[in-house]
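Welcome! Here is a friendly tour in questions and answers for anyone meeting this structure for the first time.

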Amino acid sequence: MTQVAEPEISKTSPPGRVSHWIDGRPVPGTSGREGPVYDPATGALTRHVDFASIDEVSAAVAAAKAAFPAWRATSLSKRTDIMFKIRNLVDQRRNELAAHLTAEHGKVPSDALGEIARGLENLEFATGIPHLLKGGFSEQVSTGVDVYQIRQPLGVVAGITPFNFPAMVPMWMFGTAIATGNTFILKPSEKDPSAANFLAELLHDAGVPDGVFNVVHGDKVAVDAILEHPDIAAVSFVGSTPIARHIYETGTRNGKRVQALGGAKNHMIVLPDADIDMAADAAVSAAYGSAGERCMAISVVVAVGDIADPLVEALKVRLPKIKVGPGTDPDAEMGPLVTREHRDKVASYLDSGPAQGADLVVDGREHVLFQEGKGFFLGVSLLDRVSPEMECYRNEIFGPVLEVVRVPTYPEAVALINDNPYGNGTAIFTRDGGAARQFQFEVNTGMVGINVPIPVPVAYYSFGGWKASLFGDLHMYGPEGIQFYTRAKIVTSRWPDPGTSKVDLGFPRTR
Ligand code: NAD
């Protein structure tokens, strides 16, 4: 098992405090507003994070705006060189970054290092920027006339990110955004803000010019200042659905390009022909990894036909073997939840589910760490015979609670997914290729796994859900990320010999 060192408090902030990072340096907050940051494994208050005022957001935007002309004019080879340096520094310092994730999010080191590995893939993708920014050229579209398309950056762009991936989700955004020539403002989650400052230091050390990458911390005040600022051209958001909707509506109303990824309720269908052990291993891994705080976590297993009883039994026997503990325990496979409030909210579904008719097969509140009340721990839980009208089904639980819905046939299983308001990811477990292909064809979600429970796209594809899991047109990172952070310019050009021109008020008729 991987062990990760305790993080040093970032050199960019005074002890016990996480400040903003603007124009290449740490900037202590002046708003007088701040938020608490906890160690979820102990429940201890470890530091405070400054909350930006509208003026502090404006200062970051001004720095990013001032840095934009020189950065967009920086050659592609120089930008590529810097992207490689960023990638290498994140790789070399991954253990320190992981320690920040464990200290503030609570995820165990193996999970934290996995998050960083997936983020690194996005930085690696961005090192290919000269190839990715190639436009198109059509010679001789008319006599002596050529047409070509170039893609140019938007200007100052912002990223607003959730607590559950404090390193990876910013890397989904800023790698592509700055490689394409934009300057960037990151507003990370206030619950685990230190990773953002650590990344800012690495970018600085990699040679990213001052003002190209900035971090403002805060809450709704900072977010709304971003959404309303006239000098911000585009906003990328990842978080819960109600906030994603607010970001999309407010950002677009203010003339910005917006991609806002929301919450999820990911179903995994298990057909009667599936290998039960394989399906149970996959469901348990995908449901309880990172304490269920992944937007691609499996939260509902849809058991089709007579596989339900043996499948529930196979799930049940696996749960006591999951080692729950703090990230400092090298054997721990699952850590605490991010805050006490969130843990209590997740635990509340273990009351409402059975009250509305579900079977509580395994109750995570019986876990010793929950009983002791140290940290924000909740053991793994399993609810069987869940039905769509129950509160635990209608809400995104975002914790270590797996639900089983039993249906008689495959069409009912697909209908359940297609009727759900969310459409982030889904999976099917079967040995029947025809059934899998039919599922891929007709299911209404953005990401589909076939015998793969967490189908997160590799960096050279793009990530995004459908329905209430994404507001906007373009998915995040990969080719669609390049499209999001650039706009097309089409040039029509001719170089006629002098003396050959004449006045012609008509529209060209000949070809
Ligand atoms: P959240 O929506 O509470 O917060 C996300 C960001 O929005 C944070 O930076 C936060 O400070 C800000 N914010 C919170 N409340 C706000 C408000 N009222 N006005 C303006 N800004 C506000 O989400 P979270 O709890 O940090 O993250 C968990 C959620 O994110 C889950 O719903 C999960 O499914 C979702 N998520 C989705 C994806 C995806 O790719 N679709 C990925 C990761 C997480």
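Predicted model: local features only at pLDDT ≥ 70, side-chain atom pairs only at ≥ 80, totals over all residues.

Residues are numbered from 1 along each chain as its sequence is written, and side-chain values use heavy atoms, with hydrogens and water left out.

Q: How are the rings of F137 and Y148 arranged?
A: Rings of Phe, Tyr and Trp (its six-membered ring) pair if their centres lie within 6.5 Å; planes under 30 degrees apart are stacked, over 60 edge-to-face and the rest tilted. Here the centres are 5.4 Å apart and the planes meet at 10°, so the pair of F137 and Y148 is stacked.

Q: Which strands hold F137 and Y148?
A: Strands (E, at least two residues) and helices (H or I, at least four) are DSSP runs, numbered from the N terminus. The two residues are 11 apart, and the pair links distant parts of the chain: F137 belongs to strand β6 (residues 136-142) and Y148 to strand β7 (residues 145-153).

Q: Is F137 buried or exposed?
A: Buried means under 20% relative accessible area, exposed over 50%, and partly exposed in between (1.4 Å probe, protein chains only). Y148 has 27%, so Y148 is partly exposed. F137 has a relative accessibility of 55%, so F137 counts as exposed.

Q: How are the rings of F174 and F213 arranged?
A: F174 lies in helix α6 (residues 168-179) and F213 in strand β10 (residues 213-215), so this pair ties together parts 39 residues apart in sequence. Both F174 and F213 are buried. Their ring centres are 5.1 Å apart with planes at 65°, so the pair is edge-to-face.

Q: What is the distance from the ligand to the side chain of S240?
A: A residue is near a molecule if one of its heavy atoms lies within 4 Å of it. There are 27 residues around the ligand, and S240 is one of those that come nearest. An oxygen atom of the ligand and an N or O atom in the side chain of S240 are separated by 2.6 Å.

Q: Which side chain joins D50 in a polar contact of 2.5 Å?
A: D50 sits in strand β5 (residues 44-50) and, with a relative accessible area of 5%, is buried. A polar contact is a pair of N or O atoms within 3.5 Å; within protein, one must be able to donate a hydrogen and the other to accept it, and residues adjacent in sequence count only if both atoms are side-chain atoms. The contact of 2.5 Å joins D50 to R17.

Q: Which residues does K374 touch, not counting those up to four places away in sequence?
A: K374 is placed in the loop between α13 (368-372) and β16 (381-384), and its relative accessible area of 52% makes K374 exposed. Contact means heavy atoms within 4.5 Å. Beyond those sequence neighbours, K374 touches A41, T42 and L369.
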